[in-house]
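Visitor: I would like to learn how to read strand pairing, chain contacts and helix packing. Can you take me through them on one model?

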Amino acid sequence: MTNGTRGPFVNGVLARFAEEHEGLPGAALPWLRRVRSDAIGRFAELGLPTTRHEDWKYTSVAAIERRAFDTPFDASSNGLAERALARHALDGTHRLVFVDGRYAPGLSRLDTLPAGAQVGSLAAAIAARPDRLEDLFVADDEAPANGFTTLNSALWADGAWIDLAPGVVLDMPIHLLFITTRNDLASFPRNLVRAGAEAGVTLIEHHAGPDDASYFTDAVTRIVLGKGARVAHAKLQQEGRRSFHIAAIHAEQAQDSRFGSHAFAFGGQLARSEIATRLGAEDCEAKLVGLYVGSGRQHIDHHTCIDHAQPRGTSREVYKGVLDGAARAVFNGRVIVRPDAQQTDAQQSNRNLLLSDSAEVDTKPQLEIWADDVKCAHGATVGQLDADQLHYLRSRGIDEAAARSLLIRAFAADTLEGIEHAALRARLESLLPGGLPEAA
Amino acid sequence: MGNQAVQLDELISQDYRHGFYTPMEVDALPHGLSEDVIRMISAKKKEPEFMLEWRLKAFRHWLTMTEPHWATVRHPPIDYQDIVYYSAPRSQQDGPQSLADVDPELLRTYEKLGVPLHERELLAGVAVDAVFDSVSVATTFKAKLGELGIIFCSFSEAVQNHPDLVRQYLGSVVPYTDNFFATLNSAVFSDGSFCYIPPGVRCPMELSTYFRINAKNTGQFERTLIIADRGAYVSYLEGCTAPMRDENQLHAAVVELIALEGAQIKYSTVQNWYPGDKDGKGGIYNFVTKRGDCREANSKISWTQVETGSAITWKYPSVILQGDNSVGEFHSVALTNHYQQADTGTKMIHLGRNTRSTILSKGISAGHGSNAYRGLVKVAKSAVGARNYTQCDSLLLGDRCAAHTFPYIEVKNASARVEHEASTSRIGEDQLFYCQSRGISAEDAVSLIVSGFCKEVFKQLPMEFAVEAQKLLGVSLEGAIG
């Protein structure tokens, strides 16, 4: 199916693969060479998605298509990464820092880890213990893909590798900080997370870059949860205002496991996150929470998919958006209940606040239900600030601007529920829109 | 539980009551589609030149289109050359001048269907236009309506007698380029109903079209055009049945509604085409384009549909809210049993200021039935103060049925308020137990719960239709206890 388009971007990455694949991690491993070459072959067929694809109906990637990005890796530091680190670091976390797509050991900091926990660079892990990774890559190869995820499979150069033996629980979250420092750069981070039975971990996947650079991030995170495992994944997207950010997070859940996802999107000119989890065994739980805040001409897209494949799964999903200026948000939330997934309980909601007449929201919550003994509900709303609530606050002497701020903040704040880590919570609170004005 | 399942099966396997076939001498074109066939249809109907040109434009456009496949329905490919595009009872060739001229065999057929074409009969409050295969066979109460200036006749008559109105409004809501099936309809439509309500007139009775597919291998392509002029009001009903056959038949109709300033149109459908047998064999493919245009201020269009028939239903009655303060409504009950599939919903396109729309959709899936709600609520930048409320609920009976919801919401105006809610559940064990513990049999309990589930939609139907719809639902669902 050659229904994608071919422009400078596609030609650029194909040429780059031909030139550079010998230098990518694991080039000496036959199975990984095959995974990469299969992926680039599929990408050559697929191309980038167009708005004729139902999943990309509201998000055009033509602006990416028109660009050719560089990928030179240059270890010399220009000081940007250090300054970004000072701004984005979070206290009380293990930290893995990736600069322009490559692991930066000098900026990373790992405290003592319990036995049975491996946390580090994926490129290093491929070099040291390729046998432990093969099945994950091959399984990934079979997952549904679009042009961007296949491109990541072909071109990833580094990312995080987190492997927890059964029963290993990390007290401190792992902060994965991806910093881009260069204009015109494309990076393809890939993270692999495997939590054994009853293991537990909190991840903070954090993307940041300068506002004056135009660059492209194509990230893929894959999380495999063993029986009874608990993984919480928080994504903090603070890319530069001229950047392109396309990311996929795929989780696969075993029996009794719990997967929590928080997605906070603030940055990017064009940003899209696909977050999918498959409740592949009985009694799983999934909770997906998101907040997107857009202004200017930002385009922010979230596609989520909760796939109930087995009985007695529970899922809760709440996504909220605040749009100002000429920003546009897209939300597509898919909940599938397969024929065997009896006694599923799935609730989903998407609420949007439009603050300007030029802002736009396209939302599509969808339920696909093939079992009968289920409780499923979804809701979506689009609206503006409530005039009665504004009036109430103003009648108590709060000026219009402050009243609006308060209401916007109140709308957004409940997406922080469930974030327990103090530093992360404080950081998110500082990023929320609205809020009380400084005391005079 | 096991016992209930047996009862359920018995109930579900109730026969389709309108499945008989009336042997008639017919005047039909050979099957297949070409410009010649279209010229012949147009010639048979003695149409003016502009109609033929319009049909041919549509046909040429259709040749460039491909059949859409995005709906959540599955069916074997349709061979468009294997369909008879025109079939008329021979006795009707010259068109009946009055009811006395109508072939008694036809009258008996409608009698059997419970649609009396005699003007004195029970349903005396309803004027009926009956369409049999490709042609309209009778229109009742014409004279009485004529006194008020209301034009209610078959489409063919309208083309002859009111060509200016037809020319002005035909295709103005659903253009001939609209979609694959609407374009096909534009090329080959054979008849249908036409209705014009003059300014300030409130139509004193329900107008009704009754569609019947009788002949084998024919497709039915009718077209309905309703215009409510300024301040007019009309309530319109549509009913459909077909004989039982093993092969699938295509029904691709187009309905266009136009409401001018302050006008109101209420359009109700009880669709009971043959759904196929319990193994999913046969049945009608009901691929219909229905759209209303609130063209001027303060107008209102309301769609109510009860969809219990057809092997596959694929339709989205829509409203374009152009006029300021105009109102669109969509009330729907869709039931799928056995192997029936329905992909239905609505589109509300808000363009004018302070436009409002309400969507209420109730889907019931039983057996292997699959039911999808697919809807679009679009608020354009110009639609200041637009308001939409959508509720879609699905009820599941049986563990092999499916219910899907695909609501599209596109909002480009900050003053808009759009709300969508949907829920899916099966009939609660506790509800059933409660009823049964009070001596209500399992079937009656299911029927009670289902009618409660559909009540809000049924109360939108005119009384005669509401009774029929309730009965229909009862028959289609009998025994559907999961």
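Guide: Start with pairing. Two strands pair if DSSP finds at least two bridges between them. Note that this model is predicted.

Visitor: Which residue of β24(B) is the bridge partner of A:Cys376?

Guide: B:Thr424 is the partner of A:Cys376. The strands involved are β20(A) and β24(B), residues 417–426 of chain B. They run antiparallel and share 8 bridges.

Visitor: How many residues of each chain are in contact?

Guide: Chain A brings 30 residues and chain B brings 31. On the chain A side, β19 (360–369) and β20 (375–383) each supply at least two residues. The largest share, 10 residues, belongs to β19(A). By class, that side has 14 nonpolar, 8 polar and 8 charged residues.

Visitor: What does UniProt place at residues 179–411 of chain A?

Guide: An unreviewed UniProt entry gives "domain: SUF system FeS cluster assembly SufBD core" there. That stretch is 58% strand and 9% helix. Its end C-alpha atoms lie 30 Å apart.

Visitor: Now the helices. What describes a packed pair?

Guide: The angle between the axes and the distance between them. Take α2 (residues 35–44) and α3 (residues 49–63) of chain B: about 155°, with axes 10 Å apart. Angles over 145 degrees count as roughly antiparallel, so α2(B) and α3(B) are roughly antiparallel to each other. Their crossing is right-handed.

Visitor: Which residues meet?

Guide: From α2(B), B:Glu35, B:Ile38, B:Arg39 and B:Ser42. From α3(B), B:Met51, B:Leu52, B:Arg55, B:Leu56 and B:Phe59. The contact has 5 nonpolar, 1 polar and 3 charged residues.

Notes:
Residues numbered from 1 in each chain as written. Chains lettered and ligands numbered in written order. Predicted model: local features only at pLDDT ≥ 70, side-chain atom pairs only at ≥ 80, totals over all residues. Axes fitted to C-alpha atoms, helices over the stretch in contact; angles between N-to-C directions. Helix = DSSP H or I, 4+ residues; strand = E, 2+ residues; numbered from the N terminus. Parallel < 35°, antiparallel > 145°, perpendicular 65-115°, else oblique. Left-handed = near helix turned anticlockwise from the far one by under 90°. Contact = placed C-beta atoms within 7 Å. Nonpolar A, V, L, I, M, F, W, Y, C, P; charged D, E, K, R; others polar. UniProt positions renumbered as here; feature names shortened; annotations may be inferred.
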